[in-house]
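Please read the points below alongside the model.

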Amino acid sequence: MFRFDIQKQTLTLKGVTYSYSELRKIGCHRAAPQSPFEQDLFGFLAEWFSPSPEITVHTSGSTGEPKPIVVRKEQMMRSAEMTCSVLQLRENDTALLCLPLSYIAGKMVVVRALIAGLDLYPVTPSGHPLAGCDVPFRFAAMIPLQVYNSLQAADEKEKLKRIERLIIGGGAVDASLQNELKDFPNPVYSTYGMTETLSHIALQQLNGADGDNRYRPLPKVTVSLSDEGTLTVEAPLVNDCKLVTNDVARIYPDGSFEILGRKDNIINTGGVKVQAEEVESRLRAFIDVPFAVASQPHPKFGEIVVLLIEGNAELPGLKERMEACLMPYQVPKKTGRVNKLPLTASGKINRAAVKQLALTL
């Protein structure tokens, strides 16, 4: 456990206490033996406590190669303060760190612990972060796959239920996963954000009386639509510029919003725009293996909708079920099997690679 004391400006690990000034010199050689993940954590702490007011983070690479972005540590602290305030995280609350430190999500868990004085428990990122871990966590951040896997094991599911504030990011929470979480006793949130906003700027509660299908912006965050219908974000505490995203959105009068999909993933077929993510959302009700929706050029329609399915699992009545749940223009005109769907380094569908793969069908 990493215990941060915000009053004394110290970190205690394995019975040894370091001042924040000492942490600037730690590197990765102290407090041995360490796992590679602990080494990553010490490396980030050394970078955080360095004299530089800036730090370099990398995008997830969902739509291409990961890109480096230089951000101010002050902005990361403001982001952490917003989250800790909204989720009511307090000093000595227990927090699980089970996300890679190579991306902003993992880094921000550490910064929240620093800002609020949380007791941080680092667990090497895996599909089952709660296995073998008996700490009752006040706060945890996970990706959908980790939550899904934890729900499959009875003991891990009970541990998941005991987390008092669970946020899920890094990918869409589909309807079936949300349904499994709806009766959890503590708040569970889906997050919306990106590297440029230093993690999330909006939360959607997935369960309880306050659960719905809309994201609610954090304080000081304003959203609007661009001329192309994509979400724009003004979050002056974490970014100096107005961000125009590629996320097609619907905004409601109270300022809440829904994400319909990526602008890059709109398929123009016969003059009708089809959002790939919307089709995928409907198909998840009966396709229980990895799949993706893409497009292919077509002389008559301009583009056609294409479905790629991983593996050779039998899916009886697939065509009929698709026709029953989709609009005629949304129904894939081609379906192909692939050995493995291409993913980004952060585990999301690599849309660019999938689109190239669809051309080979």
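1. In this predicted model, 48% of the 361 residues in the protein chain are buried (under 20% relative accessible area, with exposed over 50% and partly exposed in between; 1.4 Å probe, protein chains only). The protein chain exposes about 17100 Å², of which carbon and sulfur atoms supply 51% (Shrake-Rupley method, 1.4 Å probe).

2. Along its principal axes the C-alpha trace spans about 70 × 45 × 40 Å.

3. Of the contacts between residues at least 6 apart in sequence, 56% join residues at least 24 apart (contact: heavy atoms within 4.5 Å).

4. The protein chain has 10 helices and 21 strands (DSSP runs: H or I of at least four residues, E of at least two). An open sheet with mixed pairing holds 10 strands in the order β3-β2-β1-β7-β6-β8-β9-β10-β11-β12 (pairing needs at least two DSSP bridges). β3 (16-19) and β12 (216-217) stand at its edges with a single partner strand each, so one side of each has no neighbour in the sheet.

5. Within this sheet, β8 (residues 139-142) and β9 (residues 165-168) pair in the parallel sense over four bridges. F139 stands opposite R165 in β9.

6. Residues are numbered from 1 along each chain as its sequence is written. Local features need pLDDT of at least 70 and side-chain atom pairs 80 or more, while totals for chains, interfaces and linings use all residues; side-chain values use heavy atoms, without hydrogens and water.
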